[in-house]
Amino acid sequence: MVNYPDDWEVKRLGECGKFISGNGFPLMYQGKHKGEYPFYKVSDLSNEGNENNMITANNYISCEVAKILSCNIIPSSSIIFAKIGAAIFLERKRITTCKCCIDNNMMSFQPFSNISTRFIYYVMQKLKFGDFVQTTALPSLSGKILGNILIPLPPLPEQTAIADTLAAFDTHITNLTALIDKKKAIREGALEELISGRTRLQGFSGEWRETTIGAVQKVNRGKRLVRKQLNDRGLYAVYQNSMKPLGYYEKYNCEPQSVFMIAAGSAGEIGFSQNAFWAADDCYYFKHSSKIFQKYLYYVLLHKQNYLRNQSKRTSIPRIAREIIDDLVIPLPPLDEQKAIADTLTALDTDITNIETERSKFIQIREGAMDDLLTGRIRLKV
C-alpha cells in the first residue's frame, strides 16, 4: 500500500470529473475532411501526431449533423479512450485539443475545473484500464466502475507542477522520435543514391559492373538444430526465422561480420552480425568472398528487400528460393568504394541507433519519474 503525503487526498475518479460516452456514427456521415467538429473513432488514437494530444482526425462533421445524430459534444481538455473491444487493452489515452465528438466505441473523461487535466492524464497512464474490463462476451468499460477507482490528488499547484515536469519528458521524447524519423529518411535516401550509383562518394571514379550475387558470393542454407540443443545463454546466437535469436548454441557456422537472410516465414528480413553465430535451416547465410565486402552486400540486399519480399509471396508460406538470391542482379563497384559506401551508411545507422538508445533511456527515466511524482515519493517545489 502506498503512503501518500499528508496534504494529498485520495479520491474516487468519479469525484474528479465526469464520464461521457460517444455516439453512433453512421457511414453516410463519414469521410468529410472539414467541419465544425472532428469526429474521432478508435483508429484516430493511433494517428501520427496523436501520441499525447488529439491533433488530427480522419472525419469531421458540421453542427447540423451533430444535432441530427444527437452527439455529445466533448469539451477541449478532456481525456478520451477506447471503451469497447480489444482496443481497451492497448491502453491509449489522449487529451482533446478542441470541442469534438467521439464514436460509441469510446468514452471521455472531463475533469472538473479545480483539477488539472494533464495531471489526471498521467494518473490514467499509470492505470491499466484492461484490469477493469467487464466480463462479458465483448470486453467493455463502465463509467461507474472506472469512477470508483481511487487516485491520489495533491493540491492543484502541485498537480500542475507534476504535469509540467512529465510533459517536458514527453516533449523531449517526441522531439527525439521526430529526429529519428528524419534521420531514417536521410538514410533511406542515401541508400538509394549510393547503391544505385547515382551519387558517388568523393574520390571515387572507377567503373562499376553489373553481376549476380551467385557469381561473386556463395549462398548457403543454414543447418537445423533441435530445441534440446539450444540454451538460454551461450557463446553464439542462433537465428531461425526472425531477427530475434531463437536461443544460443556452443558452435557457429557463420563468421563474425556476416550477412544472413530469413528464408521462410518472415522471408526477406536481412541481418548483419558483428559476432559469429549459427544460422538455422530457415536462414540463408553468405560466406565471405574476396569479390564483395560483406557490409556492402548487406546494404545491397536491403536496397533489394522489397523485390525479395515480393518473390517470397508466391507461396502460401512466404519462402525465398536460393535461385532467386543467386540470380539477383546487383551493382558492383571496386572493393575500396564498396567499403566506403558501407562505412557511410553504417555511420548513418549508428547515428540513428544512438538516438534510439537515448530515447529508450528517457522513456525509462520518465517511467521512474511518474512513479516518484505520482506517489509523492519525490515532491516538487511550488
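**Exercise 1. Determine how strands S15 and S16 are joined, and where the side chains of S16 point.**

Solution. Begin with the pairing: strand S15 (residues 258-262) and strand S16 run antiparallel and are joined by four bridges, where strands are DSSP runs of E of at least two residues, helices are runs of H or I of at least four, both are numbered from the N terminus, and two strands pair if DSSP finds at least two bridges between them. Within this pair, Met261 stands opposite Ile270 in S16. Next, take S16 (residues 270-273) by itself: Ile270 and Phe272 point one way, Gly271 and Ser273 point the other way, and all are buried, buried meaning under 20% relative accessible area, against over 50% for exposed and partly exposed in between, with a 1.4 Å probe and protein chains only. In a regular strand, the side chains alternate between the two faces of the sheet.

The model is a predicted one, in which local features need pLDDT of at least 70 and side-chain atom pairs count only at pLDDT 80 or more, while totals for chains, interfaces and linings use all residues. Residues are numbered from 1 along each chain as its sequence is written, and side-chain values use heavy atoms, with hydrogens and water left out.

**Exercise 2. Find which residues of helix H7 are buried and what they pack against.**

Solution. First, list the buried residues of H7 (residues 305-312), which are Gln305, Leu308, Gln311 and Ser312. Because they cover an arc of only 125 degrees around the axis, taken from the directions from the helix axis to the C-beta atoms, they lie on the same side of H7. Finally, the buried residues of H7 pack against S15, S16, H6 and helix H8 (322-326), contact meaning heavy atoms within 4.5 Å.

**Exercise 3. Describe the surroundings of Gln240.**

Solution. Start with its place in the chain: Gln240 lies in the loop between strand S13 (236-239) and strand S14 (247-249). Gln240 counts as buried because its relative accessibility is 15%. Leaving out residues up to four places away in sequence, Gln240 touches Leu246, Ile262, Ala280, Asp281, Asp282 and Cys283.
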